[in-house]
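The entries follow in the order I looked things up.

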Amino acid sequence: MDRYFVLHAPRQTGKTTALRTLASELTAEGDIAALLFSCERAKAAGDDYAAAESILLKSLREAAARSGWPDELLPPDPWPQSPPGTRFGAALSEWCRRCPRRLVLFFDEIDALQGNSMISILSQLRDGHNARHEGHPFPTSVVLCGLRNLRDYKVASGGDPARSNPASPFNIIAKSLRLGDFTADQIAELYDQHTQATGQEFAKDAVDRVFELTQGQPWLVNALAHEIIFEMGTTGAITAAQVEDAKERLIRARATHLDALVARLHEPRVERVIGPIVAGTSPGMDAAFDDDVSYVHDLGLIRGTRDLEIANPIYREVLLRVLGDRTERFVRADPRSFVLPDGRFDLGRLLKEFVVFWREHGEVLIRQEGYHEAACQIILMAFLHRLVNGGGHLDREYAAGTKRLDVLIRWPYTGPEGERLMQREAMELKVWRPGEADPLGDGLAQLDRYLDRLSLPTGVLVVFDRRPEAPPWKERGGFEQAATPSGRRVTVLRV
């Protein structure tokens, strides 16, 4: 205690629950009065810091009234009068002067404060924090809890995060803490609590699949379990196949958590980071881009701030589905017509149909697509999703700097003896950009390594030619056979 902190993590990762528990435990110790309250309603105040102060003080009083504290711990009624811009700090000082315990405050949803309101509240916290050393009463400890690191608050309020300013309201934080995701063992422990309470078990391959799909993102871990148990009504032991079904249901339903994420995709700061990841191109190198990366990481969309990858396979799939929504509306082919008499998927026909689709709609869709750098990848993924998703699955791998997008089509079917089989078809996507060499050689080598990893004998390399000197669109779409460095025979499609 006696310090001020930032706690940040993506939405629905347990921040509020953790702070509520901590506040209860600290208060129960007897010498601290710890209170969690929300700043969310102050968003309506915008730059009106006087209105923001009034809203926050009302939220504080309501939270204290709900806490069940004895009267001597409650804030003064009324709050002391003070000019706008000083009222919040004066109120906290008066409360601390009267309270027989040390006061600790947890500011939940601190991100709601904007512009001048944010600067005013943080400045008052800083002044009060520094005045404590002169015996001035003020909260012993403060935690600012939200999506972003304090560094990004500074960017949002117009400050320069690269410059140190001793008078800044942003320099009193002892430490910025980020809630982490679950490990595989923690997921197993969490699910075992359900088993102990109900007797319903999660098979090990189900737990492993949950970790693989979520990378431990807390909301997804809980949402998958809830979908399987309560929405799907599963009664026996939970399997990896049911986890797969639950994932599809969550994505199709676009639950609130997922919708909140995808709503961010067309923010310029987000698009600047996600675009190169989808396209596989090298990201920017300037300081502003670094700030954007930190912002997108704090939103939970990417795994880290060095190697730029989407945070988990579910987000990876949701992202491309959302970005490809416009393209999917142009796909008129019947997915059932791509199923062969033996139940397998007709990949060859799909590729031929895509050539026709690209010639008819590609140029229009590229102009309409917001993520111009990644338009080719988004359009092909949308086409595949529309035709494969009815009976199969698409697995996608992509990251900034790789210059490719890997795709695996998984199509379950029934063999001649009634056995359940899985058809797997691998594709590699490359874009031939202006000023670059023909990516065929690199693409064949990359596809070779991908096929090695999947233990598949052949695959498809799709090359989009985006050079001004490329042949006209109507003349593209040719198929050829090529050999990879290891000698595999693969199909190359140039569009």
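Which residue in strand 9 is the bridge partner of Val 431? I looked it up and found Phe 464. I note here that this is a predicted model.

**Entry: strands 8 and 9.** I then checked how the two strands run. Strand 8 and strand 9 are paired in the parallel sense, with six bridges between them.

**Entry: strands 7 and 8.** I moved to the other partner of strand 8. Strand 7 and strand 8 (residues 420-432) run antiparallel and are joined by ten bridges. Within this pair I picked out Ile 409, which stands opposite Glu 425 of strand 8. The two strands make a hairpin, with five residues between them. In the turn I found Gly 418 with a positive phi of about 85°.

**Entry: strands 9 and 11.** Strand 9 (residues 460-465) also pairs with strand 11 (residues 489-494), in the parallel sense and over four bridges. I looked for a facing pair here and noted Leu 461, which is opposite Val 492 in strand 11.

Entry: I wrote down the strand order as 6-7-8-9-11-10, an open sheet of six strands with mixed pairing. Which strands stand at the edges? I found strand 6 (393-398) and strand 10 (478-483) there; each has a single partner strand, so one side of each has no neighbour in the sheet. From one strand to the next the twist averages 25°.

**Entry: a helix on the sheet.** I next searched for what packs on the sheet and noted helix 13 (residues 313-323). Helix 13 touches strand 6 and strand 7 (405-414). I recorded the angle between the directions of helix 13 and strand 6 as about 100°.

**Entry: the chain overall.** I listed 17 helices and eleven strands for the chain. The C-alpha trace spans about 80 × 60 × 40 Å along its principal axes. Of the 495 residues, 52% are buried. Among contacts with a separation of 6 or more, 67% are between residues 24 or more positions apart.

**Entry: surface and charge.** The chain exposes about 22500 Å², and 49% of that comes from carbon and sulfur atoms. I counted 62 positive and 70 negative side chains. How far apart do the centres of the two sets lie? I noted 3 Å for the distance between the centres.

Note on methods: Residues are numbered from 1 along each chain as its sequence is written. Side-chain values use heavy atoms; hydrogens and water are left out. Two strands pair if DSSP finds at least two bridges between them. Axes are lines fitted to C-alpha atoms, for helices over the stretch in contact, and angles run from 0 to 180 degrees between N-to-C directions. Contact means heavy atoms within 4.5 Å. Buried means under 20% relative accessible area, exposed over 50%, partly exposed in between (1.4 Å probe, protein chains only). Accessible areas come from the Shrake-Rupley method with a 1.4 Å probe; for residues, only the protein chains shown count as cover. Lys and Arg count as positive and Asp and Glu as negative; His and the chain ends are not counted. The place of a charge is taken as NZ of Lys, CZ of Arg, CG of Asp or CD of Glu.
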